[in-house]
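This briefing covers pockets, cavities, surface patches and salt bridges in one structure. Please keep the sequence and the 3D view open while reading.

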Amino acid sequence: MEDFAHSIASFVREHQHWAAPIVLVLAFGESLAFISLLVPAWGALIAIGALIAAADISFWPVWLAGGIGAALGDWLSYWFGYRYKEHVAQIWPLSKYPDILPRGEAFVRDWGVPSIFIGRFFGPLRASVPLAAGIFEMPYWPFQVANFVSALLWSAVLLLFGDVLAIVIEWIWRST
């Protein structure tokens with residue numbers, strides 16, 4: 001994972017015009033139920049956030065790309081759950097992680113629409129909550145509002161965390 005994040009960050013440092021499209025794809029993959037289990041991209045997103053100030057990359061397009069990518073990943077996961085219902089649990093790679101979908105289902109049942117917002121910030125729930133919302137036919141528009149608002153906030157949090165982390169590390173390095 002560390003090598004993946006480092007490789008992506010190095011590419012973005014050298015090709016800054018690719019920052020927004022790369023963040024969109026990473027956020028999409030991080031939020032898409034099946035892909036997020038195979039390639040967790042949050043580390044690369046934080047690393048790109050660290051480049052925002054250091055490499056003078058504009059925050060706004062990268063932030064919007066991250067939010068849109070994450071929202072699209074959740075929307076597709078919702079649709080997949082809505083379309084395929086309980087059969088989703090039998091599809092690889094979810095079939096290799098049998099406890100993920102039941103946790104997402106319980107979370108959606110307990111919290112309803114706020115589960116979309118809360119689940120965005122918790123690893124395995126991020127992948128399973130939209131699927132569960134689709135399976136249980138959560139109303140479409142309340143799901144989408146929570147999906148897009150949480151995706152934009154999540155994108156900002158990851159990118160700004162990386163940015164602040166880079167500033168703190170630089171300050172410590174200069175102080176020693």
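The points below are grouped by topic and refer to a predicted model. A search of the whole structure finds 4 salt bridges, and the structure holds 1 cavity of 30 Å³ or more. The largest pocket has a volume of about 280 Å³, and a nonpolar surface patch covers about 550 Å².

**Largest pocket**

- The lining of the largest pocket, whose volume is about 280 Å³, is made up of 16 residues.
- Nearest the centre of this pocket lie A9, G43, I46, A47 and A50.
- Two or more lining residues come from each of the helices α1 (2–14), α4 (42–54) and α9 (140–175).
- Helix α4 gives the most to this lining, with 6 residues.
- Sorted by class, the pocket lining has 11 nonpolar, 3 polar and 2 charged residues.

**Largest cavity**

- The volume of the largest cavity is about 30 Å³.
- Its lining consists of V23, A27, L45, G66, W154, S155, L158 and L159.
- Helices α2 (19–31) and α9 each supply at least two residues of the cavity lining.
- The most comes from α9, with 4 residues.
- No charged residue takes part in the cavity lining, which has 6 nonpolar and 2 polar residues.

**Nonpolar surface patch**

- The side chains that make the patch of about 550 Å² belong to W75, W79, Y84, Y140 and W141.
- Helices α5 (59–84) and α9 each give two or more residues to the patch.
- The largest share, 3 residues, comes from α5.
- W79 is placed in helix α5.
- Because its relative accessible area is 38%, W79 counts as partly exposed.

**Salt bridge E30–R126**

- E30 and R126 form a salt bridge in which the closest N and O atoms are 2.8 Å apart.
- E30 lies in helix α2 and R126 in helix α8 (residues 123–135), so the pair ties together parts that are 96 residues apart in sequence.
- E30 counts as buried because its relative accessibility is 4%, under the 20% cut-off.
- R126 is buried too, with a relative accessible area of 7%.

**Salt bridge E137–K85**

- In the salt bridge between E137 and K85, the closest N and O atoms are 2.7 Å apart.
- This pair links distant parts of the chain, 52 residues apart: E137 is in the loop between α8 and α9, and K85 is in the loop between α5 and α6 (100–111).
- E137 has a relative accessibility of 43% and therefore counts as partly exposed.

**Salt bridge D99–R103**

- D99 forms a salt bridge with R103, and their closest N and O atoms are 3.4 Å apart.
- The relative accessible area of D99 is 42%, so D99 is partly exposed.
- R103 is partly exposed as well, with a relative accessible area of 44%.

**Points to check in the view**

- Which helix gives the most to the lining of the largest pocket? The answer is α4, with 6 residues.
- Is E30 buried or exposed? E30 is buried, at 4% relative accessibility.

Note on methods:
Residues numbered from 1 in each chain as written. Predicted model: local features only at pLDDT ≥ 70, side-chain atom pairs only at ≥ 80, totals over all residues. Heavy atoms only, no water. 1 Å grid on protein atoms, 1.4 Å probe; cavity = no way out; pocket = protein on both sides within 12 Å on 5 of 7 lines; lining within 4 Å. Points joined across faces, edges and corners; volume = space filled by probe spheres on them. Nonpolar A, V, L, I, M, F, W, Y, C, P; charged D, E, K, R; others polar. Patch = residues over 30% accessible without salt bridge, like charges linked within 9 Å, V, L, I, M, F, W, Y side chains within 5 Å. Areas by Shrake-Rupley, 256 points an atom, 1.4 Å probe, with all protein chains shown as cover. Buried < 20%, exposed > 50% of the residue type's maximum accessible area, 1.4 Å probe, protein only.
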